[in-house]
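Please look through the sequence and the structure below.

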Amino acid sequence: RIALLCFCLCISAFIQAQTTDAKAAASAKRDSMLLKKLNDKGTYPLVKGNQFCGVMPVDGITEKPGANMKYKLLFNFTAGTNDSIKVKSANRGLAEIGRIINLHIAAGVPKENIELVIVAHGKALFALLNNEAFKKQFKADNPNLAIIRELQSAGAKFIACGQAMQFLDINKDGLLPTIKVAVAAKVELSTYQLKGYAMFDINED
């Protein structure tokens, strides 16, 4: 029975590894195709810090946003990893935030009419470490600093979840000095939604 159990566990681990490899290959292929299109036609109206921030031009537009409206955008930012290899690449969640901003501007929304709040919790917090803290933990420079600065230049307010910081052993001194700290992300998310912010879930790295 023990031998049979060990055999089943080995088969399960092999299948899981094969599935993970297949997903990674499919993701890499999709990214390659996307980047090719963005390199050929993509535009970057405001945020330019990552290739994946690009938007595609669209002909024959018949539906446009209200150019005089205030667009209050709230990002529930959880995308991230603490994998010692993957974390050394730029956080794709930040690129997606930049893309959403670019989409609004490409659609005709003036940048001064966009208000941005980014609430970070879970492993997304590692992207917000200052370079010294990031280097101490992952033995590399933080690859997210440029796009964070660019998002902040666009008016983004970053808020870190104090609960997640406790669980991940992240101190306030380890964060970039411009990052705000709240008791809990969930409180901030409900607060800003009650203030009329439209929320986007950014949960895939």
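I118 has F158 as its bridge partner in β3. This is a predicted model, in which local features need pLDDT of at least 70 and side-chain atom pairs count only at pLDDT 80 or more, while totals for chains, interfaces and linings use all residues. Residues are numbered from 1 along each chain as its sequence is written, and side-chain values use heavy atoms, with hydrogens and water left out.

Strand β3 covers residues 156-161 and pairs with β2 in the parallel sense over 5 bridges. Two strands count as paired if DSSP finds at least two bridges between them. Strand β1 (residues 71-77) also runs parallel to β2, joined to β2 by 7 bridges. K72 has E115 as its bridge partner in β2. Between β1 and β2 the chain passes through helix α2 (residues 92-106), and this β-α-β crossover is right-handed: with the strands pointing away from the viewer, the path from the first strand over the helix to the second runs clockwise.

Across the protein, buried residues make up 37% of the 205 residues.

The protein has 6 helices and 5 strands, taken from DSSP runs (H or I, at least four residues, for helices; E, at least two, for strands) and numbered from the N terminus. Their order from the N terminus is α-β-α-β-α-α-β-α-β-α-β. Of the contacts (heavy atoms within 4.5 Å) between residues at least 6 apart in sequence, 69% join residues at least 24 apart.

How values were computed
Buried < 20%, exposed > 50% of the residue type's maximum accessible area, 1.4 Å probe, protein only.
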